[in-house]
Amino acid sequence: MKDATPEIEDADRAALALKGIARDESIKAYILSEPNLRAVLLRSARRFIGGEQLEECLTGAQSFNSEGFAVTIDYMGESTRDEQIAREAVQEFETVIDSILRWGLDSSVSLDLSHIGLAVDEELCYSQAYRLAERARRAGLEMMISMEGSERTEQVLSIYHRLAERFENVGVTLQVYLRRTPEDMEAVLKHPGRIRLVKGAFEEPEEATIMKGVETDAAYRSCVERVLSEGHPCSISTHDQQLLEHADRFVRDNELSTDNIEFEMLKGVELERLARMRDLGYGARVYLPYGEEWYLYLCHRLAEHPPNIYQAISDAADVQG
């Protein structure tokens with residue numbers, strides 16, 4: 001029998017290469033400045049995004065709603081280092097919130113704090129996030145804060161805690177592969193906002209994370225059980241079939257209410273699994289990002305599962321089947 005180890009190593013190397021390419025600003029600038037190359041890669045990105053324009057995303061959200069899925073809309077962008085661009089991003093998010101209300105969508109709004117000023121000034125970011133949380137509350141919407149690289153975890157959580165003291169509609173994302181997450185979770189559980197649990201997708205220093213694979217899965221199960229046992233609003237955000245089955249089994253074995261539980265998955269990735277959770281009676285939500293800053297997002301989706309590169313090539317060539 002052929003040893004599978006080289007194949008696994010090849011996949012890991014491919015994932016690392018993709019993450020490196022994603023962070024290379026010169027490569028990104030070149031690709032997005034070349035119309036033909038950009039158009040080819042956009043065809044691959046469309047599998048995972050709601051489009052480049054809000055109107056297209058809203059239409060997609062409407063379609064998902066008709067299938068029994070809620071959505072969370074995110075105007076893509078991160079690490080904004082220009083204050084004016086950060087302020088413009090907030091204006092766009094305000095338009096997103098108003099549009100969700102006007103279209104009557106079953107949707108929340110999701111954002112990276114570094115998109116609205118965290119990389120410029122923490123107080124600027126807080127004031128902008130406060131403005132959006134207030135607007136979302138008036139619209140009756142939930143606002144989810146995404147998690148970023150570990151170098152920003154402390155800042156993200158600091159702003160979240162300040163917001164959560166004033167807004168029950170603000171939730172936060174926790175990455176279970178960070179060693180600090182169990183302690184962070186205890187602090188976050190003191191607030192009413194939803195906790196979104198993800199494994200974690202960033203390339204991090206070894207000392208900051210636990211081992212990927214079996215150990216990460218065990219940590220994920222432990223975090224899910226902790227949140228579910230509290231009856232706290234949570235979003236179980238994974239495509240891992242075994243972890244989905246574990247969460248469902250834990251709920252049923254402990255006869256827990258499903259009112260505050262939802263499962264969330266990415267557009268274009270294993271949505272048949274999300275449909276199954278929906279059919280089991282759980283809330284089911286699709287993460288639906290849009291905008292022109294899709295390059296980094298595409299690289300991350302391919303890095304998470306390198307065999308997706310084959311599908312990306314097919315999409316880029318517009319091959320059907």
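Reader: What share of the contacts in the protein chain with a separation of 6 or more comes from residues 24 or more positions apart?
Author: They account for 72% of those contacts. A contact here means heavy atoms within 4.5 Å. This is a predicted model, where local features need pLDDT of at least 70, side-chain atom pairs count only at pLDDT 80 or more, and totals for chains, interfaces and linings use all residues. Residues are numbered from 1 along each chain as its sequence is written, and side-chain values use heavy atoms, with hydrogens and water left out.

Reader: How many helices and strands does the protein chain have?
Author: It has 13 helices and eight strands. Both are DSSP runs numbered from the N terminus: H or I over at least four residues for helices, E over at least two for strands.

Reader: What percentage of the 321 residues is made up of buried residues?
Author: Buried residues make up 51% of the protein chain. Buried means under 20% relative accessible area, exposed over 50%, partly exposed in between (1.4 Å probe, protein chains only).

Reader: Why does Glu94 count as buried?
Author: Its relative accessibility is 11%. That is under the 20% limit, so Glu94 is buried. Glu94 sits in helix 5. Setting aside neighbours within four places in sequence, Glu94 contacts Arg131, Leu132 and Arg135.

Reader: Thr95 is found in helix 5 too. What makes Thr95 partly exposed?
Author: Thr95 has 36% relative accessibility. The C-alpha atom of Thr95 is 8.9 Å from that of Leu54, with the two residues 41 apart along the chain.

Reader: How do you know that Thr216 is buried?
Author: The relative accessible area of Thr216 is 5%. This falls under the cut-off, so Thr216 is buried. Thr216 belongs to helix 9, residues 214-230. Not counting residues up to four places away in sequence, Thr216 touches Val176, Tyr177, Lys199, Ile210 and Met211.

Reader: At what angle do helix 7 and helix 8 pack?
Author: The angle is about 10°, and the axes are 11 Å apart. Helix 7 spans residues 153-164 and helix 8 spans 181-188. Axes are lines fitted to C-alpha atoms, for helices over the stretch in contact, and angles run from 0 to 180 degrees between N-to-C directions.

Reader: Why is helix 7 called roughly parallel to helix 8?
Author: Angles under 35 degrees count as roughly parallel (over 145 is roughly antiparallel, 65 to 115 roughly perpendicular, the rest oblique). The angle is about 10°. Therefore helix 7 is roughly parallel to helix 8.

Reader: Which residues meet there?
Author: Thr153, Leu157, Tyr160 and His161 of helix 7 meet Asp184, Ala187 and Val188 of helix 8. By class, these residues are four nonpolar, two polar and one charged. Nonpolar covers Ala, Val, Leu, Ile, Met, Phe, Trp, Tyr, Cys and Pro; charged covers Asp, Glu, Lys and Arg; the others, Gly among them, are polar.

Reader: What is the phi of Glu255?
Author: Phi is near 50°, a positive value in a residue other than glycine. Most residues other than glycine have a negative phi. Glu255 lies in the loop between helix 10 (241-253) and strand 7 (261-266). At 73% relative accessibility, over the 50% limit, Glu255 is exposed.

Reader: Where does Glu270 lie?
Author: Glu270 is in the loop between strand 7 and helix 11 (271-279). Glu270 has a positive phi of about 50° although it is not a glycine. Its relative accessible area is 32%, so Glu270 counts as partly exposed.
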